[in-house]
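Try each task before you read its solution.

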Amino acid sequence: MSIRLALATDPGRGKIAVAVDLSAWAALIALSFLKEARILPISLQPELLTVAMAPPLDRSLIEALEMAGGRPVRVVEWEVPALSAALAVLFADGKSVLEKIVEDIGPESCDEDVGRLKDLASEAPVVRLVSHLIEEAIRARASDIHIEPFPDRLAVRLRIDGLLRDLPSPPVSLARAMVSRVKILANLNIAERRLPQDGRVALGQGLDLRVSTVPTVHGESVVIRLLDQSAGIRPLAGLGLRPVDERQVRRVMDLPNGIVLVTGPTGSGKTTTLYTALQLVDAAQRKVLTVEDPVEYHMQRVNQIQIRPQIGLTFATILRSLVRQDPDVIMVGEMRDAETADIAVHAALTGHLVLSTLHTNSAAGALVRLIDMGIEPFLLTSTVRAVIGQRLVRCLCPDCKRRRPRSAADDGILPVCPEETLFEPAGCALCGGTGYRGRVALFEVMPINEELRSLTLGRASSEALHRAALAAGMQSLLQDGLGKVQDGVTTLAEVRRVVDPT
């Protein structure tokens, strides 16, 4: 019996199709031994056996293989996630784990009866199916799981390094059972399918799931966000800021009052930057209060408050009470409306340092956005100390990235650097064949100087503010991205994907 797998037989090589002849291997070595020892057979040649194993290598297992096979053994070291995925396919008779679970469930469809739906969602195969999706997401370093019902299919996708990637689709008849299982985990009402619901699941070992359901025309769409508390909060030096920008951030975090804003679209890492900045505050001598939705990371000596709009506990209502708590530093998860922004500005005017986020396309756009929300320009010039704009780009996989020559397309965008070495993605088992692994932030740090204050008072456009900030020495998102391209961290295509080059 021969099973075809998509494997990378050498570190740094892309995926290739390999036919593993289990019958031939079974004639030499018991397949149960290979499965239990987590040894993946790759190729069987008269003079050599090639297998994959996860580090650290067990020398006694290799010697046993050499003795049983009667020939030398070549071992390729694989990371645990890639090895586990290949073993799951190989020793499931060529079927994926998902296919095996669906077979166990059988062809039965879910009916409208809530009691029956709850029973089915609690049965072992459906429990295993949802658990498998969560485990697959953790293994792939995904930030979100998307379960989306359509008329002819149930789409399951993972967001990995900011981009969505499809998984094999379960039968559409299992949509309600899967959604009900997720709702049971998150303590949500499985009978309510007409309204959005939000919940949380604590999996232990520092991993939390945030569950959101919304009704669509074909059923309920579910998004599960994975939050790894055990990963901790990055130090400022680990964010990817230039040394001059890092010094600016440290300077404004030492100020006794004012507003520091972090801007960017949803999913650009703004909250991570806020948490990192909060670490610069001496919480032993200064009282720190946060208002968040949700509280993503728990911090020592910081009073963190979770908003609950369903009972009227909003950003604005909490902020009105916070100033009576005698805080020194206040972090507001997001300035969503004019009322929240107005209270935050007045908190800064009365001697507090306020940190918050805003959804704008650039650092300069934050001042224009606040004016549009109804905040008077003279209040902004008195309170805003700095604005940090950011985006996230994918990093090149360090195990498979390869050098490339400079092209004509580079000459129009990248400045010439005699010591530059440009790289391109290749794809390997460790990065899932994409050529990218992990993400890094691009930053523009805009301290508010006298010229920017004057332009703000005159209600200047964001373009005028941006030009003035560049003239004062600010490095734009594009310039920071091009620097990271020349450092071999990412690619020009990635920078252009998230930043407008014009």
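**Exercise 1. Find how helices α16 and α17 are oriented to each other.**

Solution. Before the details, two notes on the model. It is a predicted one, where local features need pLDDT of at least 70 and side-chain atom pairs count only at pLDDT 80 or more, while totals for chains, interfaces and linings use all residues. Residues are numbered from 1 along each chain as its sequence is written, and side-chain values use heavy atoms, leaving out hydrogens and water.

Step 1: take the angle. Helix α16 (residues 450-457) packs against helix α17 (residues 462-471) at about 170 degrees, with the axes 10 Å apart. Axes here are lines fitted to C-alpha atoms, for helices over the stretch in contact, and angles run from 0 to 180 degrees between N-to-C directions. Helices (H or I, at least four residues) and strands (E, at least two) are DSSP runs, numbered from the N terminus.

Step 2: list the contacts, meaning heavy atoms within 4.5 Å. Glu451, Leu452, Leu455 and Thr456 of α16 meet Ala464, Leu465, Ala468 and Ala469 of α17. These contact residues divide into six nonpolar, one polar and one charged. In this scheme Ala, Val, Leu, Ile, Met, Phe, Trp, Tyr, Cys and Pro are nonpolar, Asp, Glu, Lys and Arg are charged, and the others, Gly among them, are polar.

**Exercise 2. Determine how β12 is covered and which strands it pairs with.**

Solution. Step 1: check burial (buried is under 20% relative accessible area, exposed over 50%, partly exposed in between, with a 1.4 Å probe and protein chains only). In β12 (residues 258-263), six of six residues are buried. Gly258, Val260 and Val262 point one way, and Ile259, Leu261 and Thr263 the other.

Step 1: look for partners; two strands pair if DSSP finds at least two bridges between them. Strand β16 (residues 353-358) runs parallel to β12 and is joined to it by six bridges, with valine 262 opposite threonine 357. Strand β17 (residues 384-396) is also parallel to β12, over five bridges, and there leucine 261 stands opposite valine 387.

**Exercise 3. Give the strand order of the six-stranded open sheet and locate its edges.**

Solution. Step 1: the order is β8-β7-β6-β11-β10-β9, with antiparallel pairing. Step 2: β8 (163-166) and β9 (197-204) are the edge strands, each pairing on one side only. Step 3: neighbouring strands are turned by 20 degrees against each other on average, direction ignored.

Step 2: zoom in on one pair. Strands β10 (residues 207-216) and β11 (residues 219-228) share 10 bridges, and aspartate 208 stands opposite leucine 227. Helix α8 (residues 175-185) packs on the sheet, its direction making about 45 degrees with that of β11.

**Exercise 4. Which residues touch the most other members of the largest nonpolar core?**

Solution. Step 1: such a core is a set of buried Ala, Val, Leu, Ile, Met, Phe, Trp, Tyr and Cys residues joined through side-chain atoms within 4.5 Å. Step 2: among its 40 residues, the answer is Ile259, Met335, Leu370, Val387 and Met446. Step 3: helix α12 (residues 338-349) supplies the largest share, six residues.

Note on methods:
Angles under 35 degrees count as roughly parallel, over 145 as roughly antiparallel, 65 to 115 as roughly perpendicular and the rest as oblique.
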